Amino acid sequence: MGKTPVFVLLIAISVFSVSNATSVPVIAWSSTRDLFSTRQISAGEEISRDSLRQDFLDKGLQEDVKVIVLILLDKLSLGDLTRYGNAYDSSNQGGVIPNIKSSMESAASSLVLPQTDTSSLVDDLISKVKGQNGEVTELTDPEELSSVIISPSRTNLVIVRVAPSDSMEEQLQAADGLVKSAMHRLRAKSDDVPYTIIFSADDMSKHSSHASGRRLLEATETADNQNFTFINFTQDGCTAYLFADSITVELMVNGAVNRSLVLPNDRWNFEGVCENNFTYQLTFSVSDLRNENGSEWITSVSISMNFNKTINNYWFVDSTTIVYQLKDLVGTNNESISLPDDLITPIGWSYHCGNTMFAQDNQTDVNYFLNVMLNNFQLQPIGIENNQFSSANDCIGYFTPGIWMGILTTLMVVIIVGFAVAMMANVKVMDKFDDPKGKPLVINVAE
């Protein structure tokens with residue numbers, strides 16, 4: 001890309017990219033020409049870990065690059081770069097990151113990956129450099145960057161992490177200062193050592209479990225935030241995760257909500273059945289609910305989900321059963337509850353939905369029954385890697401009522417305009433006219 005204004009490219013990419021809370025941008029530039037002349041990137045494409053390693057790192061770093069500087073933030077999005085980099089101003093100087101902008105535009109080659117799974121970026125780079133008998137240096141203090149010893153006879157990987165901050169602007173300013181320091185150090189070398197600088201962030205799934213757009217979390221909240229319910233079942237090679245901001249039960253009497261209770265986030269007991277590295281059944285229960293949030297009508301709740309797989313590599317919830325005990329009723333109530341129709345997901349993906357209701361199947365058979373509401377719900381019974389949720393299949397369809405309304409309205413306008421144009425095209429002008437100086441024009445009926 002050379003001298004191409006990189007920030008104009010960022011604008012174009014941001015227009016066509018789908019926002020994804022779990023992916024982060026990767027920006028790189030190098031003193032080696034055509035270092036990143038790799039495959040084309042489709043608009044909105046998310047670069048997976050394998051693709052990042054095979055299509056970009058392995059191919060892009062095959063040349064004799066002696067210095068690789070990896071600058072990592074704890075979190076980053078393409079919107080942060082366009083906002084604080086003043087990307088929408090045609091005359092901008094880079095906003096708070098002028099050194100990153102100028103370095104990219106003056107580099108021999110550069111690369112922008114707007115949506116990337118960076119969960120294995122550090123490990124892949126370390127493995128590649130050590131495989132070449134290179135030197136790996138991880139700095140705990142960014143100020144040490146100027147004093148790092150670089151050996152021109154081997155590959156040097158320098159990993160610098162920017163200190164976390166609540167202000168993204170401050171983090172980007174700190175990263176820009178690191179780029180300035182790194183470029184000054186590299187350009188000061190008399191032997192002009194070939195270098196590559198990579199600017200990115202840790203995988204966003206490590207920091208957030210909230211969605212932005214149609215995809216979600218790839219991980220859970222941090223352990224110090226207990227305002228959620230998280231169930232981690234691990235047994236005999238099986239792993240299943242279930243996450244919810246809150247779980248609410250509603251007592252329905254004669255078709256109307258009689259009482260409701262938000263279940264506690266902790267105190268859940270869970271167990272499962274493992275078959276061939278697949279969690280076939282997951283049961284989670286909570287008891288001793290008397291006086292919970294002032295409630296006295298329910299004593300315990302147990303929810304059991306049975307999973308299954310299709311022959312074309314999809315997993316789905318085959319059935320769900322809820323067992324509960326009400327204070328005013330003798331014995332334990334056991335009922336099946338129906339599931340969302342779209343609760344089927346490719347293996348290797350998780351399922352997410354903002355609000356999910358499990359309702360009783362046959363509501364006409366009894367006068368009362370219990371519904372279960374899960375807020376910001378995510379589930380995965382198979383294919384979990386790196387102790388985090390995989391990319392999420394969201395329950396929000398791509399064709400929402402608003403989108404259908406827009407499509408139908410557009411079609412109606414097109415049909416009306418097309419009909420009008422067709423009618424106008426069929427208008428015929430008379431081929432005979434009256435001459436005021438001559439005899440009156442007589443047109444026979446036959447004509």
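Tutor: A residue is called buried under 20% relative accessible area, exposed over 50%, and partly exposed in between, using a 1.4 Å probe and protein chains only. The model is predicted, so local features need pLDDT of at least 70 and side-chain atom pairs count only at pLDDT 80 or more, while totals for chains, interfaces and linings use all residues. Residues are numbered from 1 along each chain as its sequence is written, and side-chain values use heavy atoms, with hydrogens and water left out.

Strands are DSSP runs of E with at least two residues, helices are runs of H or I with at least four, and both are numbered from the N terminus. The loop between β13 (298-309) and β14 (314-326) holds asparagine 313. Phi of this residue is near 65°, a positive value in a residue other than glycine. Because its relative accessibility is 53%, asparagine 313 counts as exposed. β13 itself is another matter: 10 of its 12 residues are buried, so the strand is largely enclosed by the rest of the structure.

Two strands pair if DSSP finds at least two bridges between them. β13 and β14 run antiparallel and are joined by 11 bridges; one of the pairs is phenylalanine 307 with valine 317 in β14. β13 also pairs with β12 in the antiparallel sense, over 6 bridges, and here serine 285 has serine 302 of β13 as its bridge partner. β12 (278-286) is reached from β11 (269-275) through a loop that contains asparagine 276. Phi of asparagine 276 is positive as well, near 55°, and with 73% relative accessibility that residue counts as exposed.

Elsewhere in the chain, an open sheet of 6 strands has the order β3-β1-β6-β2-β5-β4, with mixed pairing. β3 (109-116) and β4 (135-139) are its edges, each with a single partner strand, so one side of each has no neighbour in the sheet. On average, neighbouring strands here are turned by 15° against each other, direction ignored. Within the sheet, β2 (residues 67-73) and β6 (residues 195-201) run parallel and share 7 bridges, with valine 67 opposite tyrosine 195 in β6.

α5 lies across β2, β4, β5 (156-161) and β6, at about 160° to β5; the angle runs from 0 to 180 degrees between N-to-C directions, and axes are lines fitted to C-alpha atoms, for helices over the stretch in contact. Among the buried residues of α5 (residues 121-131) are Leu121, Leu125 and Val129. Asparagine 133 follows α5 and has a positive phi near 60°. α4 touches β1 (24-30), β3 and β6, and its direction makes about 55° with that of β1.

α4 (residues 98-106) also meets α6 (residues 168-187): their axes come within 7 Å and cross at roughly 45°. That makes α4 oblique to α6, given that angles under 35 degrees count as roughly parallel, over 145 as roughly antiparallel, 65 to 115 as roughly perpendicular and the rest as oblique. The residues involved include Ile100 and Ser103 in α4 and Val179 and Met183 in α6.

Note on methods: Contact = heavy atoms within 4.5 Å.
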